[in-house]
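This report describes a helix pair, a sheet and a pocket, in that order. Please have the structure open while reading.

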Amino acid sequence: GIDVLAERAGVGPQVAAVTERAMAGELDFADSLRERVALLTGLAVADEPEARDRLRLTPGARTFVRTLRRLGFSVGVVSGGFTVFTDRFVAELDLDFAAANELEVVDGRLTGKLVGPILDRAGKARALERFAEQFAVPLSQTVAVGDGANDIDMLEVAGLGIAFNAKAALRAAADTSVNVPFLDSVLFVLGISREEIDEAAV
């Protein structure tokens with residue numbers, strides 16, 4: 001999401017370079033996020049909807065969420081990105097919970113700062129713990145799926161940590177890895193049958 005905002009702000013290459021280094025674990029996520037957000041200073045809030053609507057769900061995401069929710073799972077998103085993006089997907093997919101970073105806005109423009117604590121690597125793990133407690137689910141029964149180094153702590157806290165098309169640092173920390181481009185393939189890792197997936201689609 002930040003890369004799309006960066007394009008609107010005319011700083012795409014600069015932000016993309018920092019993002020890549022952060023995802024590979026070469027930079028501290030919180031510092032890199034502040035650096036990237038600072039580059040967005042002055043971007044009009046009016047540009048956010050267009051940027052938000054350019055994002056596309058990973059193939060299989062709707063099937064993934066629909067199947068899990070029909071089977072009684074609580075499903076949500078814990079993102080190092082921004083609420084302007086996660087709010088859209090919470091509404092579209094009817095997710096049970098969400099946590100993300102909030103961009104500060106003054107007079108209709110981004111200030112280049114964030115509101116509240118940064119949802120970084122450690123923050124993602126705390127969010128998982130918070131949501132597990134909220135839904136009365138033992139941590140041993142939680143599943144976390146991630147793709148970058150900032151997901152390591154969250155996957156380690158979860159009962160099952162799954163690296164999805166992930167960077168090497170996360171694959172090394174995960175319980176298992178899935179390297180196909182469809183998010184619903186994770187359902188098979190969870191022992192959910194094709195029959196159950198098909199039933200959830202009805």
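Contact here means heavy atoms within 4.5 Å. The model is predicted.

**A pair of helices**

By that cut-off, Val15, Val18, Thr19 and Ala22 of helix H2 meet Ser32, Glu35 and Arg36 of helix H3. Sorted by class, this contact has three nonpolar, two polar and two charged residues. Two packed helices are described by the angle between their axes and the distance between the axes. For H2 (residues 12-23) and H3 (residues 29-38), the axes come within 10 Å and cross at roughly 170 degrees. Angles over 145 degrees count as roughly antiparallel, and H2 and H3 are therefore roughly antiparallel to each other.

Strands of a sheet pair through backbone hydrogen bonds, either parallel or antiparallel. Here three strands form an open sheet with parallel pairing, in the order S4-S5-S6. Strands S4 and S6 each have a single partner strand, so one side of each is left without a neighbour in the sheet. On average, neighbouring strands are turned by 25 degrees against each other, direction ignored.

| Strand | Residues |
|---|---|
| S4 | 143-146 |
| S5 | 160-164 |
| S6 | 176-178 |

Four bridges join S4 and S5 in the parallel sense. Ala144 has Gly161 in S5 as its bridge partner.

**The second largest pocket**

The second largest pocket holds about 150 Å³ of space. Strand S2 (97-106) and helix H7 (121-134) each supply at least two residues of its lining. The lining residues include Asn101, Glu102, Arg126 and Arg130. By class, the lining divides into seven nonpolar, two polar and three charged residues.

Technical notes: Residues numbered from 1 in each chain as written. Predicted model: local features only at pLDDT ≥ 70, side-chain atom pairs only at ≥ 80, totals over all residues. Heavy atoms only, no water. 1 Å grid on protein atoms, 1.4 Å probe; cavity = no way out; pocket = protein on both sides within 12 Å on 5 of 7 lines; lining within 4 Å. Points joined across faces, edges and corners; volume = space filled by probe spheres on them. Nonpolar A, V, L, I, M, F, W, Y, C, P; charged D, E, K, R; others polar. Pairing = 2+ DSSP bridges. Axes fitted to C-alpha atoms, helices over the stretch in contact; angles between N-to-C directions. Parallel < 35°, antiparallel > 145°, perpendicular 65-115°, else oblique.
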